[in-house]
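Reader: I am new to this structure and would like to know how its labels are assigned. Please set each value against its cut-off.

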Amino acid sequence: MLLLRRSSHLFKRLYSSHHRLDEAGPMACRLSSRSVIRFSGPDTLKFLQGLLTNDVRAFSRLTAGANTGQNPSLPHRSSPPLYAALLTPQGRFRYDLFLFRPPLQEERLDRTGSRPESSRSEEVVELLADVDAAALDEILDCFKKYRLRSKVDIEDVAEEFSCWQRFGGDLCRAASSDQEAEVASVGWGAGNDEASASSAQASELGWQWFTDPRLDCLGFRGIFPSGTLPPLVEADKEAEEKHYLLWRLERGVAEGPAEIPKGEAIPLEYNLAGLNAISFDKGCYVGQELVARTHHRGVIRKRLLPFKFVDDSGKEAEQEVSPSSEIVETTSNKKVGTVTTALGCRGMGLAKLEEVFKPSPALSIRDKDAVKVKAIRPDWWPAEWVQLHGEQSAFA
């Protein structure tokens, strides 16, 4: 595809000082770093509820239309996805995943514009999970180890489905309600809009975009049948996945065990509570004790945040920093953080808030004094993340 051939050129332009990714307009990319597994069976919700950090009971009832007396000719809106994590028994990060409820046959409008009466039980028995592709076999083995006698099937459906992300400055600047209406224009329960069907480039409709469950500024996420383009992508810019990585780096949002160290990362230090991955009301799950204790303590001294790398003159330092590089206070050479992910002149890493947000910090990369580090506080951060830390430091 011509757009794909232009992608590398676009990426180079976006790195220049005269172009910004959030000025490039909406883009979409297939996430080759993510894969799909399916949970099915009567114990699906109970099984996942006891393992994951978020409350999966949100999927327990069909959302509008079935068994509610709602007019069956009205558009149906599917259950939104859920972001969650699976932790070690010690409360350290293991894997993250996005849970989607696949479209149901009874939610599809027929050619007359009506939806048939539902004969399905209210209890959801099938969920699709968007997971890290590099750790797919490990994730399957891990869930199967916990399954024991639970009536739930866990399958690799990576060949059947693909994960996609739609993002860009235009999406963030537009009203979320308008975008929701647009992305819902194709799918089960949507009207028989031939133009929308054409944009989907698929005869089998029913799969739609959803607002990213972590942050609105990340755009839209979805799982779609492999071999077909999602709705709105034909008239969009199909980009390489590194564009989406850069989009996340600029906002300080990590994804997957390659960016959130497996078996080491403390979930709250990697901002999973702020990314809607943790429910503090759901009850017990694997690793809950450390998360609850850290949360109730009230102050997180280190957090994952975005960085920009520049030289002594303030010019962007391209490809000068690699993951695992240490961030130090230039004068004392004291370590204040570690870079976990880097791309071009952008990166993110875990750092001590007291050091990186003090007045006029002087930060650099260890053994590369010419590479200066600028810490950036993301717009989506709650004010208390920095304020509470500063107040406690002053009190101490």
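This is a predicted model: local features need pLDDT of at least 70, side-chain atom pairs count only at pLDDT 80 or more; totals for chains, interfaces and linings use all residues.

Reader: Where is Asn271 found, and what is the value of its phi?

Author: Asn271 sits in the loop between α7 (241-251) and α8 (288-297). Helices (H or I, at least four residues) and strands (E, at least two) are DSSP runs, numbered from the N terminus. The phi of Asn271 is near 65°, a positive value in a residue other than glycine. Most residues other than glycine have a negative phi.

Reader: What makes Leu148 count as buried or exposed?

Author: Leu148 has 75% relative accessibility, so Leu148 counts as exposed. Leu148 is in the loop between α3 (136-147) and β6, and its phi, near 50°, is also positive.

Reader: How do you know what kind of aromatic pair Phe39 and Phe143 form?

Author: Rings of Phe, Tyr and Trp (its six-membered ring) pair if their centres lie within 6.5 Å; planes under 30 degrees apart count as stacked, over 60 as edge-to-face and the rest as tilted. The whole structure holds 12 aromatic pairs. Phe39 and Phe143 are 5.0 Å apart centre to centre with 80° between the planes, an edge-to-face pair. Phe39 lies in strand β2 (residues 34-40) and Phe143 in helix α3, so the pair ties together parts 104 residues apart in sequence. Both Phe39 and Phe143 are buried.

Reader: Why is the pair of Phe167 and Tyr244 called tilted?

Author: Their centres are 5.7 Å apart, and the angle between the planes is 50°. Phe167 is in strand β7 (residues 161-167) and Tyr244 in helix α7, 77 residues apart. Phe167, at 0% relative accessibility, counts as buried, and so does Tyr244, at 1%.

Reader: What makes Pro382 partly exposed?

Author: Pro382 has 25% relative accessibility, so Pro382 falls in the partly exposed class. Pro382 is in the loop between β16 (368-375) and α10 (384-395).

Key: Residues are numbered from 1 along each chain as its sequence is written. Side-chain values use heavy atoms; hydrogens and water are left out. Buried means under 20% relative accessible area, exposed over 50%, partly exposed in between (1.4 Å probe, protein chains only).
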